[in-house]
Amino acid sequence: MVPPSPYISSGHTGTGGGGKRGTATSSDGGHESPALQAFFAMRQRKNESARNLLVRKVPGFKSAGHALLITAYVVANVAVGFTNVDASAKANFASRFGWLALSNLGLVIFLALKNTPLAFLTAYSYERLNGLHRIAGYTMFIWMILHASLYTTYFSEAGMIVTKFEDRSEIAAIVAGFSFLTVVLSATILRRIRYELFYVVHVSSWILAIVALGIHRSDIAKKGIIVILLVASMWGLDRLTRITRVLYYALNNEATLYPLPDGGTKVIFKKAPVKAVAGKHCFIWIPAVRKFETHPFTIHKTNSMEFTIKAQEGFTRDLHQRALANPGISVRASLDGPYGTFPDPMDYDKIVLIAGGGGATFTFGLVANILERLHDEPHKTITFIWTVKKHENLVWFKEHLETMKNHAHSPKVDVSIYVTRSPVASQHHHHLPHIHDHSLLHHARPRTSESSSGGSLSPDSGGSGSPNNEKMPQLPLPTHDYQHGNHQSSTRSQNESEHVGGGLLVVSHHNHAVDNSTGTELHPHSHDVHGYEHAIKTGRPDMATLIRQAVVGTPSNQRVLVAACGPDGLMRVVRDTTARLIQGDGPGVELHCEQFGW
């Protein structure tokens with residue numbers, strides 16, 4: 001999936017979609033009057049116009065809708081902070097600001113809960129509330145600074161500052177203040193640099209801050225301690241729930257690790273959590289890699305619980321190194337989840353799925369979700385667009401691409417794949433790497449030596465140290481049977497395939513035309529092989545054109561879901577293009593942007 005940093009399921013914001021349009025009818029089945037129909041049509045146009053504006057990207061915010069919500073929140077805080085306050089003494093403002101800090105603290109923790117009640121009551125899971133959690137945190141910190149500054153000034157002018165510093169509760173207030181400062185600094189600076197270190201500092205500083213705050217406001221008659229205990233209880237109960245779930249799913253569970261080209265790792269769990277759905281995410285616990293850490297990744301297969309993880313820093317890097325050293329190793333593991341919400345794709349007539357790089361874990365998960373539930377619905381179609389940097393990345397989702405090619409409903413799926421960096425190999429072989437379940441996976445880079453302990457490859461000690469000198473061991477890919485289709489393993493002689501770029505097995509089947517508007521499609525050399533492939537184009541696609549082509553022409557009485565996961569630049573294009581397609585006389589369009597980072 002989408003790991004803690006900087007991957008997968010986004011910015012993240014869903015927007016309400018229009019329902020199916022038709023002639024307005026009365027409750028007894030008769031047609032409404034022309035005046036009432038005109039009224040509904042006008043209201044629909046106004047709703048679509050509003051959504052057109054609210055979905056658009058705004059600098060510094062995920063969308064105009066987020067900007068509007070945050071502005072309203074800040075305005076409400078300022079109004080409460082300065083309304084009906086006796087301005088005759090600074091202490092009155094200091095007291096008001098202190099209560100506002102406490103109130104916002106409660107909201108901060110409520111929005112941070114993984115098991116938030118909002119996930120059951122609304123369409124918002126915890127990761128969709130993370131932006132609001134941060135805004136509430138910054139607001140709370142500002143009120144705290146104002147509270148402390150005004151009280152310090154007030155006591156200093158009254159000649160009581162030295163006496164206050166001798167008070168245990170005031171010392172605790174200072175400790176709480178610096179702890180909250182550490183919480184904020186870790187979120188604004190450390191989070192972008194070292195996520196794992198940020199998490200440890202963030203949580204430990206929060207615990208110290210809430211304990212110190214409880215000592216500072218320990219007098220129950222002043223009621224501040226009640227709010228503090230409530231906040232601490234919410235956080236503690238959420239943690240207890242998550243720990244209990246991890247321990248439960250650790251019983252008789254394990255994960256099998258397979259290294260993939262270009263720093264990928266496939267993780268397959270023996271047991272899946274209840275209500276696991278492809279497209280949602282779980283927190284993975286693998287004590288052999290990190291004893292006291294869990295990390296979130298997107299589920300993209302549920303009949304055998306499967307995750308594909310891109311190696312970055314920390315946990316993901318160590319996980320990949322372990323898989324490299326021991327391909328196919330099974331380790332003790334557990335899960336916490338599933339989490340996440342997204343619109344039910346079965347409610348839509350056309351589904352447009354867009355992914356950049358590792359964001360495909362979300363869109364492949366949605367495709368699996370749809371194909372499992374799809375029946376004879378001739379009007380329902382899927383457009384799948386995926387852009388990757390390297391040809392080797394296609395191997396990561398080989399089985400899913402096979403499914404989309406061979407599934408009984410594959411004619412309803414239009415697949416477009418773009419490789420933004422052209423392969424170094426011959427321009428005659430550019431179709432999807434076809435690697436059978438019982439064959440050995442070869443990395444596209446040469447190998448030089450083998451470990452004496454297990455047949456895995458040792459790191460390359462020579463060369464310039466560039467990524468091109470990295471080696472990948474041969475490993476057997478897991479075998480999975482698909483519910484639909486007739487995928488079978490097979491072998492291929494050397495004259496039926498070619499190793500491109502030093503070892504990546506690439507096969508091709510058909511010739512394809514060039515489409516300069518959305519990338520250049522390479523002309524493959526034809527081989528008589530039994531397998532599958534999807535046409536692969538090189539270069540960056542014109543994503544705005546692809547989205548318009550997918551949505552325009554859809555009947556106005558149908559609904560379209562545009563779901564995307566990828567880097568910020570891609571998501572900005574998806575959001576702005578989709579917003580322009582929300583029109584009163586067009587189909588009902590809904591946009592869902594999944595989190596692509598943590």
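Buried means under 20% relative accessible area, exposed over 50%, and partly exposed in between (1.4 Å probe, protein chains only). The model is predicted: local features need pLDDT of at least 70 and side-chain atom pairs count only at pLDDT 80 or more, while totals for chains, interfaces and linings use all residues. Residues are numbered from 1 along each chain as its sequence is written, and side-chain values use heavy atoms, with hydrogens and water left out.

**View 1. Salt bridge between Asp262 and Lys310.** The closest N and O atoms of this pair are 3.5 Å apart; a salt bridge is a side-chain nitrogen of Lys or Arg within 4 Å of a carboxyl oxygen of Asp or Glu. Asp262 lies in the loop between β2 (254-260) and β3 (264-269), and Lys310 in strand β6 (residues 306-310), 48 residues apart. Helices (H or I, at least four residues) and strands (E, at least two) are DSSP runs, numbered from the N terminus. Asp262 is buried, at 9% relative accessible area, whereas Lys310 is partly exposed, at 25%.

**View 2. Salt bridge between Lys266 and Glu306.** Their side chains meet at 3.1 Å, N to O. Lys266 belongs to strand β3 and Glu306 to strand β6, 40 residues apart. Both residues are buried.

**View 3. Arg242 with Asp336 and Phe283.** Arg242 forms a salt bridge with Asp336 (2.7 Å, N to O). Arg242 lies in helix α9 and Asp336 in strand β8 (residues 334-339), so the pair ties together parts 94 residues apart in sequence. Arg242 is buried at 7% relative accessibility, and Asp336 is buried at 1%. The charged end of Arg242 also sits over the ring of Phe283, 4.6 Å from its centre (the criterion is NZ of Lys or CZ of Arg within 6 Å of the ring centre and within 35 degrees of the ring normal).

**View 4. Aromatic pair of Trp206 and Trp235.** Rings of Phe, Tyr and Trp (its six-membered ring) pair if their centres lie within 6.5 Å; planes under 30 degrees apart count as stacked, over 60 as edge-to-face and the rest as tilted. The whole structure holds 20 aromatic pairs. Trp206 and Trp235 are edge-to-face, with 6.1 Å between centres and 65° between planes. Trp206 is in helix α8 (residues 195-216) and Trp235 in helix α9 (residues 224-249), 29 residues apart. Trp206 is buried at 8% relative accessible area; Trp235 is partly exposed at 21%.

**View 5. Aromatic pair of Phe364 and Trp386.** The ring centres are 5.2 Å apart and the planes stand at 85°, so the pair is edge-to-face. Phe364 lies in helix α11 (residues 360-373) and Trp386 in strand β10 (residues 381-388). Both are buried.
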